[in-house]
Amino acid sequence: MNNQPVYNWEIDHGDPNDKNSKIIISVKPHSGLISKWRIILPADYEGLSDWGIIEDGETELRKPRGIFETGKIQLQDGQVVIVIGALEAVSKTKAARLILNTPPPHFLGFGFSEDDATAPTNIEGISFEDHPH
C-alpha cells in the first residue's frame with residue numbers, strides 16, 4: 001500500500017486575522033499529466049471566489065478548456081458536494097487553483113475521472129478542521 005500523496009498541494013492560508021484574506025490552493029501531480037481532473041467541495045460552502053489553471057511563473061489564473069461542473073451530488077458516505085474541474089491537463093508545471101474566501105471549507109478533495117462526464121472515484125483530500133476563523 002502506498003501512503004505517499006499522489007498530488008503536490010500548495011496552500012497559502014493568507015492572513016487568518018484578516019476576514020477578507022483569500023486562501024489560495026494549487027494542486028498538481030508530482031510527475032506526468034492529469035486530464036479530467038476534479039475538485040470536490042462541500043455543497044454548502046459559499047466561499048469559492050475563483051478557480052482555474054495557472055502555470056509556473058505566471059500570475060494570472062485562467063479558465064481551463066473543457067470545464068466540468070456538477071450540481072449537488074451525494075457521495076457514498078452521505079456528504080453532499082459539488083464537483084468542478086476540466087479536461088485540460090494539469091502537470092508538474094501547471095496547477096489547478098482555487099481561490100477561497102475565509103473561512104475555508106472543512107474539506108477539499110482532488111482526483112481525476114476515467115471519462116469526460118463523471119466525478120472521480122479515487123480522491124485525495126485535505127481538511128481545514130483546525131483553521132482559525
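This is a predicted model: local features need pLDDT of at least 70, side-chain atom pairs count only at pLDDT 80 or more; totals for chains, interfaces and linings use all residues.
Residues are numbered from 1 along each chain as its sequence is written, and side-chain values use heavy atoms, with hydrogens and water left out.

Side chains of opposite charge can pair when their charged atoms come close. A search of the whole structure finds 6 salt bridges, a salt bridge being a side-chain nitrogen of Lys or Arg within 4 Å of a carboxyl oxygen of Asp or Glu. One of them joins Asp-50 to Lys-63, with 3.2 Å from N to O. Asp-50 belongs to strand E5 (residues 48-55) and Lys-63 to the loop between E5 and strand E6 (67-69), so this pair ties together parts that are 13 residues apart in sequence; helices (H or I, at least four residues) and strands (E, at least two) are DSSP runs, numbered from the N terminus. Asp-50, at a relative accessible area of 29%, is partly exposed, and Lys-63, at 45%, is partly exposed as well; here buried means under 20% relative accessible area, exposed over 50%, and partly exposed in between (1.4 Å probe, protein chains only).

Another salt bridge brings Arg-62 together with Glu-55 at 3.7 Å, N to O, where Arg-62 is partly exposed at 31% and Glu-55 is partly exposed at 37%. In the salt bridge of Lys-94 and Glu-88, at 3.1 Å from N to O, Lys-94 counts as buried with 15% relative accessibility, and Glu-88 is buried with 3%. Through shared partners, salt bridges join Glu-55, Arg-62, Arg-65, Glu-88 and Lys-94 into one network.

Turning to the rings, a search of the whole structure finds 4 aromatic pairs, where rings of Phe, Tyr and Trp (its six-membered ring) pair if their centres lie within 6.5 Å, and planes under 30 degrees apart count as stacked, over 60 as edge-to-face and the rest as tilted. The rings of Tyr-7 and Phe-110 have centres 4.8 Å apart and planes at 80°, so the pair is edge-to-face. Tyr-7 lies in strand E1 (residues 7-12) and Phe-110 in strand E11 (residues 107-112), so parts 103 residues apart in sequence are tied together, and both residues are buried. Phe-110 also pairs edge-to-face with Trp-9, with centres 6.4 Å apart and planes at 80°. Ring pairs link Tyr-7, Trp-9, Trp-37, Trp-51 and Phe-110 into a cluster.
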